[in-house]
Amino acid sequence: MGPDVLDLSRFQFASTSIFHFFFVSLTVGLAFLIAVMETMAFVHRDRAQIYGNMTNFFGHLFLINFAVGVVTGIVQEFQFGMNWSQYSKFVGNIFGVPLALEVLMAFFLESTFIALWWFGKDRLRPALRLASIWLVAIGTQISAFWIVLANGWMHHPVGYEVVGDQAFLTSFSQVVFNYKAWLYFLHVQGSAWSVAAFFVLGISAYHLLRKQDVEVFSRSLRIGLVFAVIGSVFSATSGHRAAQVARYDQPMKFAAMEAQWETSKSPAPWSAVAIINEKEQRNTFNVEIPYLGSLLAYNRLTGNYEGLIPLQERYERELGPGNYIPPVAWVYWNFRIMVGIGMLMLLAAFGGAFLWWRRRGRLNDTRWYLRALLFTLPLPWIANFCGWITTEMGRQPFMVYGLLTTVEGVSANSYGEVLVGLIGLWIVYLALIGLDIYLLTVTARAGIHHKPEAQMLAAPAPNYAGEGFQGYERRN
């Protein structure tokens with residue numbers, strides 16, 4: 001096994017994770033928004049048809065994304081055995097537990113009740129239909145929790161002992177209450193809500209600009225705004241805390257995020273833009289903002305942090321010879337792109353909330369803001385991808401932080417075997433993402449009162465505005 005096999009295996013797993021998260025983030029966030037829409041239909045009897053049409057429309061988009069994306073997670077789990085067999089052997093006794101619980105507690109819950117909710121819409125009593133979609137929403141959150149818990153353990157391993165060449169679980173409670181996992185879960189949850197919120201906002205803005213179904217999409221715009229505010233704030237605060245925590249439990253990642261080669265002075269500046277020369281281990285150009293580094297790292301105007309070079313020397317003393325510095329430019333720039341987009345999302349969310357309050361219900365007529373929302377739709381996805389790259393590349397060369405490196409965890413595959421797998425994976429995943437985007441776009445643009453020929457190009461759809469909400473109508 002040569003170094004090229006390792007790089008190729010890492011690139012393949014990164015590709016799988018990012019492709020999979022394209023579907024997952026929308027599923028996790030949108031399930032919760034639709035559950036809220038369904039609740040509004042249940043509570044507001046006089047507007048049940050409006051909220052019912054809204055739920056059916058966005059529920060159809062949710063179902064398309066769920067159906068197309070579910071297979072991508074299965075491929076990711078196969079990779080542990082195919083490309084990372086030594087890693088699986090080392091942590092299988094621990095890592096397998098949250099993955100098994102995810103399938104037993106969440107996947108069956110989602111799969112069962114999503115079918116009941118969607119296909120039983122004309123047969124279930126309203127309360128049972130409402131309970132079904134809430135169980136789907138809860139199932140997606142449980143699923144995200146167990147997966148993030150497993151990932152959090154890789155960043156901060158607890159509750160284990162190493163016997164021979166394997167790690168064994170000694171405390172399930174320590175693994176479940178791992179602070180790192182909970183911090184990551186809050187951040188992923190906020191990110192998923194942001195993806196779904198800006199998805200709903202963008203589609204609602206599109207139809208409001210065309211004066212289509214104003215009653216429905218003006219309300220979905222307001223629901224999306226509430227979730228955009230909550231999701232953006234959740235993402236920003238939990239992400240800020242995760243970066244601060246990295247300063248002491250993954251200091252090499254933190255130093256890479258700041259491109260800080262030598263230990264900083266106190267108060268520490270914050271690097272806004274840098275040209276990084278990793279070979280010479282220095283920045284050839286650096287624009288710094290005084291005091292901001294300390295403020296972000298400590299929430300005060302004093303304090304310093306270690307640099308990459310002294311950390312490398314410390315790691316070599318503690319862990320033995322090796323290169324412990326991650327790809328600095330990748331970590332530095334992806335972190336800044338994520339933060340920059342996060343600021344734009346906060347601006348869009350709070351700007352919309354201000355306009356909603358200021359214009360007293362005339363948000364629908366603020367066309368410049370509606371046009372701006374169309375461009376914000378892909379931003380949370382881009383921020384998520386950059387966030388994952390920062391998090392995962394920042395802990396290199398470790399797979400399990402401080403315990404197992406990627407060199408030790410990779411399978412003894414040939415270069416050709418991994419390359420063929422990578423090409424096949426990209427072909428399949430690009431086809432799935434292309435199909436998903438195509439179906440979502442056509443279905444979203446068709447709207448509620450769509451032309452039949454337009455809907456024929458999309459996935460099979462119910463009659464949104466017809467008898468799809470019979471339960472609520474009968475009750476009224």
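Visitor: Let's pick a spot. Where does P267 lie?
Guide: P267 is in the loop between α8 and β3 (270-277). Helices here are DSSP runs of H or I with at least four residues, strands are E runs of at least two, and both are numbered from the N terminus.

Visitor: What should I know about the model itself?
Guide: It is a predicted model, in which local features need pLDDT of at least 70 and side-chain atom pairs count only at pLDDT 80 or more, while totals for chains, interfaces and linings use all residues. Residues are numbered from 1 along each chain as its sequence is written, and side-chain values use heavy atoms, with hydrogens and water left out.

Visitor: Back to P267. Is the peptide bond from S266 cis or trans?
Guide: The S266 to P267 bond is cis, with omega near 0°. Another cis bond runs from Q396 to P397, with omega near 10°. P397 sits in the loop between α13 and β5 (398-400).

Visitor: Which residue has a positive phi of about 45°?
Guide: That is D213, although it is not a glycine. D213 lies in the loop between α6 and α7. Its relative accessibility is 24%, which counts as partly exposed. The scale calls under 20% relative accessible area buried, over 50% exposed, and anything in between partly exposed (1.4 Å probe, protein chains only).
Guide: N299 also has a positive phi, about 60°, and is not a glycine. N299 is in the loop between α9 and α10. At 52%, N299 counts as exposed.

Visitor: New topic. How many residues are in the largest nonpolar core?
Guide: The largest core has 93 residues. A nonpolar core is a set of buried Ala, Val, Leu, Ile, Met, Phe, Trp, Tyr and Cys residues joined through side-chain atoms within 4.5 Å. L30 and F58 have the most contacts inside the largest one.

Visitor: What does F58 touch?
Guide: F58 touches L30, I34, M37, V200, I203, S204, F217 and S220. Residues up to four places away in sequence are not counted. Contact means heavy atoms within 4.5 Å.
Guide: Apart from that core lies another, of 36 residues, including F13, V28, L183 and L404.

Visitor: Why would nonpolar residues group like that?
Guide: In soluble globular proteins, nonpolar side chains tend to be buried together.

Visitor: And charges? How many salt bridges are there?
Guide: The count is 10. A salt bridge is a side-chain nitrogen of Lys or Arg within 4 Å of a carboxyl oxygen of Asp or Glu.

Visitor: Which residue does E392 pair with?
Guide: E392 pairs with R395, the closest N and O atoms being 2.2 Å apart. Both residues are buried.
Guide: E280 and R282 form another bridge, with 2.7 Å between the closest N and O atoms. E280 is partly exposed at 46%, and R282 is partly exposed at 40%.

Visitor: What about E318 and R314?
Guide: Their side chains meet in a salt bridge of 3.6 Å, N to O. The two are 4 residues apart in helix α10 (residues 308-319), which means about one helical turn separates them. E318 is exposed at 53%, while R314 is partly exposed at 23%. Shared partners join E306, R314 and E318 into one network.

Visitor: Which residues line the largest cavity?
Guide: I94, V97, P98, W146, L149, L169, F172 and V175 line it. Helix α3 gives the largest share, 3 residues.

Visitor: And how much space is in the second largest pocket?
Guide: About 990 Å³. Of its 40 lining residues, H187, G239, H240, M338 and V339 are the closest to its centre.

How values were computed
1 Å grid on protein atoms, 1.4 Å probe; cavity = no way out; pocket = protein on both sides within 12 Å on 5 of 7 lines; lining within 4 Å. Points joined across faces, edges and corners; volume = space filled by probe spheres on them.
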